[in-house]
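Here is a short briefing on strands and backbone angles. Look over the sequence and the fold, then read on.

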Amino acid sequence: MVWMVSKGIRGIDMFYNLNIKGTKKWRKTPDKCPHCGGKHITGIEILCAYDGPLFWECDDCGERMLRFTKQTTVKHLRKTEGLFIDLEGMENICQQPPN
Ligand SMILES: [Zn+2]
């Protein structure tokens with residue numbers, strides 16, 4: 001699953017918005033959700049932040065789990081701070097606005 005950064009929330013705000021409670025990290029998809037025990041875990045990729053899943057989300061209860069340390073996750077999310085997002089066309093994402 002791929003997420004786009006939203007208009008108002010990006011960078012560190014995005015991290016807080018994710019509301020990841022745990023500090024344990026899973027390098028690979030967790031076998032089951034530590035919160036509800038559900039086995040349907042989806043990797044979430046944030047467009048322009050990291051190429052590949054940046055964190056995991058439980059399809060059953062919505063619990064989110066870290067793939068990297070908080071520090072690393074925030075570092076990747078910070079890349080989205082300066083993005084110019086053209087909502088009209090996805091192909092223009094990641095480009096800087098014209099002067
Ligand atoms: Zn769950």
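Two strands pair if DSSP finds at least two bridges between them. Helices (H or I, at least four residues) and strands (E, at least two) are DSSP runs, numbered from the N terminus. This is a predicted model: local features need pLDDT of at least 70, side-chain atom pairs count only at pLDDT 80 or more, and totals for chains, interfaces and linings use all residues. Residue numbers start from 1 along each chain as its sequence is written.

**Strand pairing**
- Strand E3 (55–58) runs antiparallel to strand E4 (residues 64–66), joined by three bridges.
- E2 and E3 are also antiparallel, with four bridges.
- Glu57 of E3 stands opposite Thr42, and its bridge partner in E4 is Arg64.

**Faces of E3**
- In a regular strand, side chains alternate between the two faces of the sheet.
- Phe55 and Glu57 point one way from E3, and Trp56 and Cys58 point the other way.
- All four are buried (20 or more other C-beta atoms within 10 Å of the residue's own; exposed is 12 or fewer, partly exposed is in between; C-beta atoms are placed from the backbone).

**Positive phi**
- Most residues other than glycine have a negative phi.
- Asn19 has a positive phi near 55°, in the loop between helix H1 (12–18) and strand E2 (41–46).
- Asn19 counts as exposed because it has 9 C-beta neighbours inside 10 Å.
- Cys48 has a positive phi of about 75°, in the loop between E2 and E3.
- Cys48 counts as partly exposed because it has 18 C-beta neighbours inside 10 Å.
- Gly62 takes a positive phi near 85° in the hairpin of E3 and E4, which has five residues between the strands.
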